Amino acid sequence: MSSASPHRLPLAGVLRLGRPSDIWFKPALSVVAAVAPANLTLLALGRLDLAMYTMAGSLCALYGHSRPYAARARVLAWVVLGMVGGLTVSLLAASLTHSAVVLVTVGAVLAAVQKAASDATRLGPPGNVVLTFISSASLFVPQTLGQVPGHAGLALAAGAWAWLVGMAPGLLRPYGPERRATARALDAAAAYADTRGTAGGHARARAASAAAIHAAWQSLLAAGARPDRNRRALERLLVRAEVALAAPADADPAGLRAWARELRGTGRIPRVASPRGSAYELLGVDTELALPRRPLRHQLAPCAPIAVRTAIGCALAGYASLALGAGRPYWALVTAASLYQANVTLTWSRAVQRVVGNVVGVLFFAALAPLAHLHPAVLVLSVLALNFGAEALIGRNYWLGTVCVTPMALLITEFARAQNPAELITQRVLDTLVGALAGFVAAVAVTNRRAGDRLEQALATAERARENAARLLAEPHPAPHALEAARRALAAALADLRATADAASGEWWQRALPEERVVLAEQSGHRTLAATVRRQGFVPPLHQDGRATEDVRP
(Lines give C-alpha, C1' and ligand atoms only; values in the text may rest on other atoms or scores of the structure.)
Protein backbone atom coordinates (compact mmCIF):
# COMPACT_ATOMS: atom_id res chain seq x y z
CA MET A 1 0.00 0.00 0.00
CA SER A 2 1.19 3.49 -0.64
CA SER A 3 2.13 6.01 1.97
CA ALA A 4 0.16 9.18 2.68
CA SER A 5 0.04 11.84 0.00
CA PRO A 6 3.02 14.21 0.22
CA HIS A 7 0.68 17.19 -0.21
CA ARG A 8 -1.50 16.49 2.82
CA LEU A 9 -1.15 19.30 5.37
CA PRO A 10 -3.59 18.63 8.23
CA LEU A 11 -5.14 21.49 10.18
CA ALA A 12 -7.94 19.69 12.01
CA GLY A 13 -7.00 19.08 15.60
CA VAL A 14 -3.61 20.83 15.42
CA LEU A 15 -4.68 23.43 18.00
CA ARG A 16 -6.99 21.17 20.00
CA LEU A 17 -6.27 21.15 23.73
CA GLY A 18 -5.54 17.84 25.40
CA ARG A 19 -5.58 16.77 29.00
CA PRO A 20 -2.77 18.14 31.16
CA SER A 21 0.02 15.83 32.19
CA ASP A 22 -0.53 14.09 35.51
CA ILE A 23 2.66 15.76 36.79
CA TRP A 24 2.30 19.14 35.07
CA PHE A 25 2.99 20.96 38.33
CA LYS A 26 6.35 19.25 38.92
CA PRO A 27 8.37 20.84 36.10
CA ALA A 28 6.43 24.09 36.62
CA LEU A 29 7.37 24.30 40.30
CA SER A 30 10.88 22.98 39.69
CA VAL A 31 11.78 25.65 37.17
CA VAL A 32 10.51 28.38 39.49
CA ALA A 33 12.51 26.91 42.39
CA ALA A 34 15.60 26.74 40.18
CA VAL A 35 15.31 30.19 38.57
CA ALA A 36 14.10 32.29 41.50
CA PRO A 37 17.16 32.21 43.83
CA ALA A 38 19.63 33.22 41.13
CA ASN A 39 17.44 35.93 39.60
CA LEU A 40 16.47 37.42 42.96
CA THR A 41 20.11 37.43 44.04
CA LEU A 42 21.15 39.23 40.85
CA LEU A 43 18.29 41.68 41.36
CA ALA A 44 19.55 42.47 44.86
CA LEU A 45 23.08 42.95 43.49
CA GLY A 46 21.88 45.13 40.64
CA ARG A 47 23.33 42.72 38.04
CA LEU A 48 20.31 41.44 36.13
CA ASP A 49 22.46 41.70 33.01
CA LEU A 50 24.03 38.40 34.16
CA ALA A 51 20.65 36.64 34.43
CA MET A 52 20.96 35.12 30.98
CA TYR A 53 23.90 33.01 32.16
CA THR A 54 22.25 31.80 35.35
CA MET A 55 19.05 31.09 33.41
CA ALA A 56 21.06 28.71 31.24
CA GLY A 57 21.82 26.50 34.22
CA SER A 58 18.49 27.01 35.97
CA LEU A 59 16.45 25.83 32.99
CA CYS A 60 18.07 22.40 33.27
CA ALA A 61 15.49 21.78 36.02
CA LEU A 62 12.93 21.25 33.24
CA TYR A 63 14.43 17.88 32.31
CA GLY A 64 14.12 14.33 33.58
CA HIS A 65 10.84 14.48 35.49
CA SER A 66 9.57 11.20 34.06
CA ARG A 67 12.74 9.27 34.91
CA PRO A 68 13.48 7.27 38.07
CA TYR A 69 15.79 9.16 40.38
CA ALA A 70 18.84 6.96 39.77
CA ALA A 71 18.52 7.68 36.04
CA ARG A 72 17.47 11.30 36.61
CA ALA A 73 20.70 12.03 38.46
CA ARG A 74 22.72 10.94 35.41
CA VAL A 75 20.47 12.66 32.87
CA LEU A 76 20.41 15.98 34.72
CA ALA A 77 24.19 15.92 35.09
CA TRP A 78 24.61 15.38 31.35
CA VAL A 79 22.04 18.08 30.57
CA VAL A 80 23.89 20.57 32.75
CA LEU A 81 27.20 19.70 31.08
CA GLY A 82 25.59 19.91 27.64
CA MET A 83 23.98 23.24 28.43
CA VAL A 84 27.19 24.75 29.78
CA GLY A 85 29.17 23.27 26.89
CA GLY A 86 26.86 24.80 24.28
CA LEU A 87 26.88 28.11 26.11
CA THR A 88 30.68 28.12 26.25
CA VAL A 89 31.03 27.39 22.53
CA SER A 90 28.62 30.23 21.77
CA LEU A 91 30.38 32.69 24.05
CA LEU A 92 33.74 31.79 22.55
CA ALA A 93 32.36 32.32 19.04
CA ALA A 94 30.84 35.66 20.08
CA SER A 95 34.17 36.81 21.51
CA LEU A 96 36.19 35.75 18.45
CA THR A 97 34.06 37.12 15.62
CA HIS A 98 31.42 39.74 14.96
CA SER A 99 30.34 38.26 11.62
CA ALA A 100 26.62 37.59 11.89
CA VAL A 101 26.82 35.01 9.06
CA VAL A 102 29.49 33.04 10.91
CA LEU A 103 27.54 33.21 14.15
CA VAL A 104 24.36 31.96 12.48
CA THR A 105 26.34 29.11 10.95
CA VAL A 106 27.74 28.16 14.35
CA GLY A 107 24.23 28.32 15.82
CA ALA A 108 22.84 26.05 13.10
CA VAL A 109 25.56 23.44 13.66
CA LEU A 110 25.04 23.56 17.42
CA ALA A 111 21.28 23.17 16.94
CA ALA A 112 21.81 20.08 14.76
CA VAL A 113 24.16 18.50 17.30
CA GLN A 114 21.73 19.22 20.14
CA LYS A 115 18.82 17.78 18.16
CA ALA A 116 20.71 14.59 17.30
CA ALA A 117 21.92 14.11 20.88
CA SER A 118 18.50 14.66 22.45
CA ASP A 119 16.79 12.31 19.98
CA ALA A 120 19.42 9.58 20.19
CA THR A 121 19.34 9.56 23.99
CA ARG A 122 15.54 9.97 24.08
CA LEU A 123 16.03 12.90 26.40
CA GLY A 124 12.35 13.75 26.54
CA PRO A 125 10.68 17.14 26.89
CA PRO A 126 11.62 19.90 26.40
CA GLY A 127 14.18 18.21 24.14
CA ASN A 128 16.71 20.29 22.29
CA VAL A 129 14.70 23.53 22.16
CA VAL A 130 15.84 25.02 25.48
CA LEU A 131 19.46 24.08 24.78
CA THR A 132 19.27 25.71 21.34
CA PHE A 133 17.54 28.82 22.69
CA ILE A 134 20.35 29.44 25.18
CA SER A 135 23.24 28.69 22.84
CA SER A 136 21.75 30.67 19.94
CA ALA A 137 20.91 33.74 22.02
CA SER A 138 24.41 33.69 23.54
CA LEU A 139 25.98 34.01 20.11
CA PHE A 140 24.73 37.57 19.80
CA VAL A 141 25.67 38.83 23.28
CA PRO A 142 28.74 41.12 23.29
CA GLN A 143 31.55 39.12 24.86
CA THR A 144 35.28 39.08 25.47
CA LEU A 145 37.48 36.05 25.98
CA GLY A 146 38.22 37.08 29.53
CA GLN A 147 34.53 37.07 30.43
CA VAL A 148 33.80 33.57 29.15
CA PRO A 149 35.05 31.56 32.17
CA GLY A 150 33.07 33.66 34.63
CA HIS A 151 29.86 33.54 32.63
CA ALA A 152 30.17 29.79 32.07
CA GLY A 153 30.87 29.40 35.79
CA LEU A 154 27.62 31.18 36.64
CA ALA A 155 25.73 28.76 34.38
CA LEU A 156 27.47 25.77 35.96
CA ALA A 157 26.65 26.95 39.50
CA ALA A 158 23.00 27.51 38.58
CA GLY A 159 22.98 24.11 36.89
CA ALA A 160 24.22 22.46 40.08
CA TRP A 161 21.35 24.07 41.97
CA ALA A 162 18.92 22.88 39.27
CA TRP A 163 20.29 19.34 39.74
CA LEU A 164 19.48 19.53 43.45
CA VAL A 165 16.00 20.87 42.72
CA GLY A 166 15.34 18.05 40.28
CA MET A 167 16.51 15.37 42.73
CA ALA A 168 14.83 16.78 45.87
CA PRO A 169 11.40 15.10 45.40
CA GLY A 170 13.12 11.72 45.62
CA LEU A 171 13.56 12.28 49.35
CA LEU A 172 9.79 12.09 49.79
CA ARG A 173 8.71 9.69 47.02
CA PRO A 174 11.71 7.64 45.92
CA TYR A 175 9.54 5.46 43.63
CA GLY A 176 7.37 8.26 42.27
CA PRO A 177 8.36 8.06 38.57
CA GLU A 178 8.12 4.25 38.47
CA ARG A 179 4.73 4.39 40.18
CA ARG A 180 3.39 6.91 37.66
CA ALA A 181 4.67 4.90 34.70
CA THR A 182 3.04 1.75 36.06
CA ALA A 183 -0.20 3.64 36.72
CA ARG A 184 -0.26 4.87 33.12
CA ALA A 185 0.26 1.29 31.92
CA LEU A 186 -2.61 0.04 34.08
CA ASP A 187 -4.93 2.79 32.83
CA ALA A 188 -4.01 2.08 29.21
CA ALA A 189 -4.58 -1.65 29.75
CA ALA A 190 -7.96 -0.87 31.33
CA ALA A 191 -8.92 1.24 28.30
CA TYR A 192 -8.08 -1.69 26.04
CA ALA A 193 -9.94 -4.11 28.29
CA ASP A 194 -13.02 -1.89 27.92
CA THR A 195 -13.05 -2.77 24.21
CA ARG A 196 -12.93 -6.51 25.04
CA GLY A 197 -10.52 -6.74 22.13
CA THR A 198 -13.24 -6.42 19.51
CA ALA A 199 -15.07 -3.08 19.89
CA GLY A 200 -14.41 -0.08 17.71
CA GLY A 201 -11.00 1.47 18.21
CA HIS A 202 -9.59 -1.66 19.80
CA ALA A 203 -6.49 -1.68 17.57
CA ARG A 204 -5.56 1.86 18.59
CA ALA A 205 -6.24 1.08 22.26
CA ARG A 206 -4.13 -2.07 22.00
CA ALA A 207 -1.21 -0.15 20.51
CA ALA A 208 -1.48 2.53 23.20
CA SER A 209 -1.57 -0.12 25.91
CA ALA A 210 1.45 -1.96 24.50
CA ALA A 211 3.41 1.30 24.30
CA ALA A 212 2.52 2.31 27.87
CA ILE A 213 3.46 -1.11 29.24
CA HIS A 214 6.76 -1.06 27.37
CA ALA A 215 7.49 2.45 28.67
CA ALA A 216 6.78 1.29 32.22
CA TRP A 217 9.19 -1.64 31.87
CA GLN A 218 11.78 0.79 30.55
CA SER A 219 11.20 2.99 33.59
CA LEU A 220 11.94 0.06 35.89
CA LEU A 221 14.94 -0.81 33.76
CA ALA A 222 16.28 2.74 34.06
CA ALA A 223 16.01 2.49 37.83
CA GLY A 224 18.74 -0.16 37.77
CA ALA A 225 19.03 -3.46 39.59
CA ARG A 226 17.24 -2.93 42.87
CA PRO A 227 15.59 -6.26 43.73
CA ASP A 228 13.52 -4.91 46.63
CA ARG A 229 9.90 -5.48 47.53
CA ASN A 230 8.64 -2.24 46.01
CA ARG A 231 10.11 -2.94 42.60
CA ARG A 232 8.84 -6.51 42.62
CA ALA A 233 5.37 -5.20 43.52
CA LEU A 234 5.48 -2.84 40.54
CA GLU A 235 6.64 -5.68 38.29
CA ARG A 236 3.67 -7.80 39.37
CA LEU A 237 1.30 -4.95 38.61
CA LEU A 238 2.86 -4.59 35.18
CA VAL A 239 2.38 -8.30 34.58
CA ARG A 240 -1.31 -7.77 35.37
CA ALA A 241 -1.39 -5.03 32.74
CA GLU A 242 0.23 -7.42 30.27
CA VAL A 243 -2.38 -10.05 31.13
CA ALA A 244 -5.11 -7.53 30.27
CA LEU A 245 -3.32 -6.75 27.01
CA ALA A 246 -3.14 -10.44 26.15
CA ALA A 247 -6.65 -11.37 27.31
CA PRO A 248 -8.81 -8.22 27.44
CA ALA A 249 -12.06 -10.16 27.73
CA ASP A 250 -10.81 -11.78 30.95
CA ALA A 251 -9.63 -8.53 32.60
CA ASP A 252 -11.45 -6.25 35.01
CA PRO A 253 -10.95 -2.61 33.92
CA ALA A 254 -12.27 -1.29 37.23
CA GLY A 255 -9.67 -3.30 39.17
CA LEU A 256 -6.86 -2.08 36.95
CA ARG A 257 -7.94 1.52 37.38
CA ALA A 258 -8.22 1.09 41.14
CA TRP A 259 -4.59 -0.04 41.28
CA ALA A 260 -3.60 2.94 39.12
CA ARG A 261 -5.31 5.35 41.50
CA GLU A 262 -3.51 3.80 44.47
CA LEU A 263 -0.18 4.18 42.71
CA ARG A 264 -0.81 7.86 42.05
CA GLY A 265 -1.62 8.41 45.71
CA THR A 266 0.80 8.68 48.58
CA GLY A 267 0.10 5.31 50.16
CA ARG A 268 2.07 2.09 49.87
CA ILE A 269 2.39 0.31 46.56
CA PRO A 270 -0.48 -2.17 46.15
CA ARG A 271 0.65 -5.72 46.89
CA VAL A 272 -1.08 -8.12 44.53
CA ALA A 273 -0.84 -11.87 44.55
CA SER A 274 1.52 -13.46 42.06
CA PRO A 275 -0.27 -14.57 38.90
CA ARG A 276 -0.99 -18.22 38.33
CA GLY A 277 2.15 -20.16 37.68
CA SER A 278 4.09 -18.18 40.25
CA ALA A 279 6.99 -20.59 39.88
CA TYR A 280 7.95 -18.41 36.94
CA GLU A 281 10.23 -15.59 38.03
CA LEU A 282 9.36 -12.04 37.05
CA LEU A 283 12.43 -11.57 34.95
CA GLY A 284 11.43 -8.65 32.72
CA VAL A 285 13.86 -6.10 34.15
CA ASP A 286 16.56 -8.59 35.15
CA THR A 287 16.57 -10.09 31.67
CA GLU A 288 16.88 -6.74 29.91
CA LEU A 289 19.60 -5.54 32.27
CA ALA A 290 21.70 -8.49 31.15
CA LEU A 291 21.42 -7.55 27.47
CA PRO A 292 24.28 -5.60 25.83
CA ARG A 293 23.59 -1.96 25.05
CA ARG A 294 23.35 -0.74 21.48
CA PRO A 295 26.48 1.02 20.24
CA LEU A 296 26.26 4.81 20.13
CA ARG A 297 26.60 4.91 16.34
CA HIS A 298 23.48 2.74 16.00
CA GLN A 299 21.55 5.18 18.18
CA LEU A 300 22.76 8.20 16.19
CA ALA A 301 22.25 6.78 12.69
CA PRO A 302 18.43 7.18 12.59
CA CYS A 303 18.81 10.79 13.74
CA ALA A 304 21.00 11.86 10.82
CA PRO A 305 18.24 13.04 8.42
CA ILE A 306 16.51 15.09 11.13
CA ALA A 307 19.86 16.56 12.19
CA VAL A 308 20.59 17.60 8.58
CA ARG A 309 17.14 19.17 8.36
CA THR A 310 17.83 21.07 11.55
CA ALA A 311 21.20 22.38 10.38
CA ILE A 312 19.93 23.50 6.98
CA GLY A 313 16.63 24.89 8.26
CA CYS A 314 18.25 26.86 11.09
CA ALA A 315 20.91 28.25 8.77
CA LEU A 316 18.34 29.29 6.16
CA ALA A 317 16.17 30.90 8.82
CA GLY A 318 19.09 32.86 10.29
CA TYR A 319 20.38 33.99 6.90
CA ALA A 320 16.91 35.07 5.78
CA SER A 321 16.44 37.02 8.99
CA LEU A 322 19.75 38.79 8.42
CA ALA A 323 18.80 39.58 4.84
CA LEU A 324 15.59 41.20 6.08
CA GLY A 325 17.56 43.36 8.50
CA ALA A 326 16.30 41.75 11.72
CA GLY A 327 18.38 42.53 14.77
CA ARG A 328 17.97 39.11 16.42
CA PRO A 329 18.41 36.35 13.83
CA TYR A 330 18.62 33.78 16.62
CA TRP A 331 14.84 34.11 17.09
CA ALA A 332 14.31 32.82 13.56
CA LEU A 333 16.95 30.13 14.13
CA VAL A 334 15.29 28.90 17.34
CA THR A 335 11.87 28.91 15.66
CA ALA A 336 13.20 26.62 12.93
CA ALA A 337 14.93 24.36 15.48
CA SER A 338 11.71 23.96 17.46
CA LEU A 339 9.78 22.59 14.48
CA TYR A 340 11.52 19.32 13.74
CA GLN A 341 9.57 16.28 14.83
CA ALA A 342 9.65 12.61 13.81
CA ASN A 343 8.30 13.31 10.30
CA VAL A 344 7.21 16.08 7.94
CA THR A 345 3.53 15.88 8.86
CA LEU A 346 4.25 16.37 12.56
CA THR A 347 6.73 19.13 11.68
CA TRP A 348 3.96 20.94 9.80
CA SER A 349 1.66 20.66 12.83
CA ARG A 350 4.38 22.02 15.10
CA ALA A 351 4.96 24.94 12.68
CA VAL A 352 1.29 25.91 12.89
CA GLN A 353 1.35 25.64 16.68
CA ARG A 354 4.54 27.69 16.91
CA VAL A 355 3.23 30.53 14.74
CA VAL A 356 -0.13 30.72 16.50
CA GLY A 357 1.45 30.57 19.95
CA ASN A 358 4.04 33.23 19.14
CA VAL A 359 1.52 35.64 17.63
CA VAL A 360 -0.79 35.32 20.63
CA GLY A 361 2.27 35.51 22.89
CA VAL A 362 3.45 38.85 21.50
CA LEU A 363 -0.03 40.27 22.11
CA PHE A 364 0.27 39.03 25.68
CA PHE A 365 3.68 40.72 25.89
CA ALA A 366 2.20 43.99 24.62
CA ALA A 367 -0.25 43.96 27.54
CA LEU A 368 2.36 42.82 30.09
CA ALA A 369 5.29 45.07 29.13
CA PRO A 370 3.98 48.31 30.74
CA LEU A 371 3.55 46.45 34.03
CA ALA A 372 6.99 44.79 33.83
CA HIS A 373 8.62 48.17 33.18
CA LEU A 374 7.40 49.57 36.50
CA HIS A 375 10.31 48.09 38.48
CA PRO A 376 13.04 45.45 37.95
CA ALA A 377 11.45 43.36 40.70
CA VAL A 378 8.20 43.25 38.73
CA LEU A 379 10.18 42.19 35.67
CA VAL A 380 11.79 39.30 37.57
CA LEU A 381 8.50 38.16 39.09
CA SER A 382 6.81 38.33 35.68
CA VAL A 383 9.45 36.05 34.20
CA LEU A 384 8.99 33.60 37.09
CA ALA A 385 5.21 33.58 36.59
CA LEU A 386 5.64 33.01 32.85
CA ASN A 387 8.07 30.16 33.53
CA PHE A 388 5.42 28.49 35.66
CA GLY A 389 2.66 29.14 33.13
CA ALA A 390 4.66 27.78 30.22
CA GLU A 391 5.31 24.45 31.92
CA ALA A 392 1.79 24.23 33.31
CA LEU A 393 0.18 24.74 29.89
CA ILE A 394 2.54 23.25 27.33
CA GLY A 395 1.39 19.70 28.06
CA ARG A 396 -2.11 20.55 26.87
CA ASN A 397 -0.84 21.77 23.51
CA TYR A 398 2.47 23.22 22.39
CA TRP A 399 0.93 26.47 21.13
CA LEU A 400 -0.68 27.19 24.51
CA GLY A 401 2.63 26.88 26.33
CA THR A 402 4.28 29.08 23.71
CA VAL A 403 1.85 31.85 24.63
CA CYS A 404 3.83 32.12 27.87
CA VAL A 405 7.26 31.24 26.43
CA THR A 406 7.17 34.11 23.91
CA PRO A 407 6.64 37.00 26.36
CA MET A 408 9.10 35.35 28.76
CA ALA A 409 11.81 35.34 26.08
CA LEU A 410 11.03 38.96 25.22
CA LEU A 411 11.22 40.03 28.85
CA ILE A 412 14.53 38.23 29.34
CA THR A 413 16.04 40.49 26.67
CA GLU A 414 15.18 43.43 28.96
CA PHE A 415 17.23 42.17 31.88
CA ALA A 416 20.21 44.07 30.48
CA ARG A 417 18.29 47.20 29.45
CA ALA A 418 14.73 48.33 28.73
CA GLN A 419 13.77 48.25 25.06
CA ASN A 420 11.02 49.49 22.79
CA PRO A 421 8.11 46.99 23.03
CA ALA A 422 6.81 47.84 19.55
CA GLU A 423 10.22 47.09 18.04
CA LEU A 424 10.50 43.80 19.92
CA ILE A 425 7.01 42.73 18.84
CA THR A 426 7.64 43.54 15.19
CA GLN A 427 10.96 41.70 15.11
CA ARG A 428 9.58 38.68 16.94
CA VAL A 429 6.61 38.25 14.60
CA LEU A 430 8.84 38.68 11.55
CA ASP A 431 11.43 36.19 12.81
CA THR A 432 8.72 33.70 13.75
CA LEU A 433 7.26 33.75 10.24
CA VAL A 434 10.69 33.57 8.62
CA GLY A 435 11.86 30.76 10.89
CA ALA A 436 8.70 28.71 10.44
CA LEU A 437 8.76 29.07 6.66
CA ALA A 438 12.47 28.36 6.26
CA GLY A 439 12.34 25.48 8.72
CA PHE A 440 9.43 23.78 7.01
CA VAL A 441 10.96 24.26 3.55
CA ALA A 442 14.08 22.46 4.80
CA ALA A 443 11.96 19.65 6.24
CA VAL A 444 10.31 19.11 2.85
CA ALA A 445 13.53 19.48 0.85
CA VAL A 446 15.67 17.10 2.95
CA THR A 447 14.12 13.69 2.36
CA ASN A 448 14.21 10.96 4.96
CA ARG A 449 14.14 7.75 2.96
CA ARG A 450 15.65 5.95 5.92
CA ALA A 451 12.20 5.99 7.50
CA GLY A 452 11.14 3.21 5.13
CA ASP A 453 14.34 1.28 5.82
CA ARG A 454 13.80 1.53 9.56
CA LEU A 455 10.25 0.27 9.15
CA GLU A 456 11.53 -2.75 7.24
CA GLN A 457 14.07 -3.39 10.00
CA ALA A 458 11.40 -3.04 12.70
CA LEU A 459 9.18 -5.46 10.78
CA ALA A 460 11.97 -7.99 10.49
CA THR A 461 12.77 -7.68 14.19
CA ALA A 462 9.13 -8.15 15.18
CA GLU A 463 8.75 -11.17 12.91
CA ARG A 464 11.92 -12.77 14.28
CA ALA A 465 10.77 -12.14 17.84
CA ARG A 466 7.39 -13.70 17.09
CA GLU A 467 8.99 -16.74 15.47
CA ASN A 468 11.30 -17.20 18.47
CA ALA A 469 8.38 -17.02 20.90
CA ALA A 470 6.34 -19.40 18.75
CA ARG A 471 9.24 -21.87 18.66
CA LEU A 472 9.47 -21.87 22.44
CA LEU A 473 5.72 -22.30 22.73
CA ALA A 474 5.99 -25.40 20.57
CA GLU A 475 8.42 -27.02 22.99
CA PRO A 476 6.87 -29.29 25.63
CA HIS A 477 8.80 -27.75 28.54
CA PRO A 478 10.43 -24.43 27.61
CA ALA A 479 12.74 -22.87 30.18
CA PRO A 480 10.85 -20.18 32.16
CA HIS A 481 13.75 -17.74 31.73
CA ALA A 482 13.81 -18.27 27.96
CA LEU A 483 10.05 -17.91 27.58
CA GLU A 484 9.96 -14.74 29.65
CA ALA A 485 12.88 -13.27 27.69
CA ALA A 486 11.09 -14.11 24.43
CA ARG A 487 7.90 -12.49 25.65
CA ARG A 488 9.68 -9.30 26.69
CA ALA A 489 11.56 -9.17 23.37
CA LEU A 490 8.34 -9.60 21.39
CA ALA A 491 6.50 -6.95 23.41
CA ALA A 492 9.35 -4.48 22.90
CA ALA A 493 9.53 -5.28 19.17
CA LEU A 494 5.79 -4.70 18.71
CA ALA A 495 5.95 -1.36 20.56
CA ASP A 496 8.90 -0.27 18.41
CA LEU A 497 7.13 -1.43 15.23
CA ARG A 498 4.08 0.71 15.96
CA ALA A 499 6.18 3.79 16.80
CA THR A 500 8.29 3.32 13.67
CA ALA A 501 5.22 2.83 11.47
CA ASP A 502 3.59 5.98 12.84
CA ALA A 503 6.75 7.98 12.16
CA ALA A 504 7.17 6.60 8.65
CA SER A 505 3.53 7.17 7.69
CA GLY A 506 3.95 10.93 8.12
CA GLU A 507 7.15 11.15 6.07
CA TRP A 508 7.07 12.49 2.51
CA TRP A 509 8.83 11.55 -0.71
CA GLN A 510 9.45 7.87 0.00
CA ARG A 511 8.51 4.54 -1.49
CA ALA A 512 5.25 2.80 -0.66
CA LEU A 513 5.08 1.52 2.90
CA PRO A 514 4.19 -2.12 3.67
CA GLU A 515 1.11 -1.15 5.67
CA GLU A 516 -0.70 -4.49 5.24
CA ARG A 517 2.38 -6.36 6.37
CA VAL A 518 2.61 -4.14 9.44
CA VAL A 519 -1.01 -4.84 10.36
CA LEU A 520 -0.54 -8.59 9.92
CA ALA A 521 2.69 -8.55 11.93
CA GLU A 522 0.97 -6.72 14.78
CA GLN A 523 -2.01 -9.04 14.78
CA SER A 524 0.05 -12.23 14.74
CA GLY A 525 2.51 -10.79 17.26
CA HIS A 526 -0.18 -9.93 19.78
CA ARG A 527 -1.78 -13.36 19.32
CA THR A 528 1.60 -14.93 20.09
CA LEU A 529 1.99 -12.66 23.11
CA ALA A 530 -1.39 -13.79 24.39
CA ALA A 531 -0.42 -17.43 23.90
CA THR A 532 2.86 -16.85 25.74
CA VAL A 533 1.09 -15.25 28.70
CA ARG A 534 -1.30 -18.16 28.88
CA ARG A 535 1.52 -20.70 28.57
CA GLN A 536 3.28 -19.05 31.51
CA GLY A 537 0.16 -19.63 33.54
CA PHE A 538 -0.72 -15.98 34.11
CA VAL A 539 -4.20 -16.64 32.67
CA PRO A 540 -5.90 -19.99 32.08
CA PRO A 541 -5.72 -21.68 28.67
CA LEU A 542 -8.55 -21.34 26.20
CA HIS A 543 -11.12 -23.99 25.37
CA GLN A 544 -11.37 -24.95 21.74
CA ASP A 545 -14.30 -22.54 21.42
CA GLY A 546 -12.08 -19.66 22.62
CA ARG A 547 -13.47 -19.35 26.18
CA ALA A 548 -11.18 -19.23 29.21
CA THR A 549 -11.38 -22.13 31.62
CA GLU A 550 -11.90 -19.85 34.65
CA ASP A 551 -12.35 -16.22 35.63
CA VAL A 552 -8.96 -14.60 36.18
CA ARG A 553 -10.02 -11.02 36.70
CA PRO A 554 -7.74 -9.14 39.08
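Author: A residue is called buried when its relative accessible area is under 20%, exposed when that area is over 50%, and partly exposed in between, using a 1.4 Å probe and protein chains only. This is a predicted model, in which local features need pLDDT of at least 70 and side-chain atom pairs count only at pLDDT 80 or more, while totals for chains, interfaces and linings use all residues. Residues are numbered from 1 along each chain as its sequence is written, and side-chain values use heavy atoms, with hydrogens and water left out.

Reader: How many salt bridges does a search of the whole structure find?

Author: Side chains of opposite charge can pair when their charged atoms come close. The rule applied here asks for a side-chain nitrogen of Lys or Arg within 4 Å of a carboxyl oxygen of Asp or Glu. Searched over the whole structure, that rule gives a salt bridge count of 16.

Reader: Which residue meets Glu 242 in a salt bridge, and is Glu 242 buried or exposed?

Author: Glu 242 has 6% relative accessibility, and therefore counts as buried. Its salt-bridge partner, at 2.3 Å from N to O, is Arg 487.

Reader: Which parts of the chain does the salt bridge between Arg 309 and Glu 507 tie together?

Author: The closest N and O atoms of Arg 309 and Glu 507 are 2.5 Å apart, and both residues are buried. Because the two lie 198 residues apart in sequence, the pair ties together helix 13 (residues 304-323), which holds Arg 309, and, on the side of Glu 507, the loop between helix 20 and helix 21 (515-535).

Reader: What is the relative accessible area of Arg 517, which meets Glu 463 in a salt bridge?

Author: The N to O distance of this pair is 3.0 Å. Arg 517 lies in helix 21 and Glu 463 in helix 19 (residues 450-474), so the pair ties together parts that are 54 residues apart in sequence. Glu 463 counts as partly exposed at 26% relative accessibility, and Arg 517 is likewise partly exposed, its relative accessible area being 33%.

Reader: How many disulfides are counted?

Author: A disulfide is a covalent bond between the sulfur atoms of two cysteines, and the rule used here requires a pair of cysteine sulfur atoms within 2.5 Å. Cys 60 counts as buried at 1% relative accessibility, and Cys 303 counts as buried at 8%. By the distance rule, the number of disulfides is 0.

Key
Helix = DSSP H or I, 4+ residues; strand = E, 2+ residues; numbered from the N terminus.
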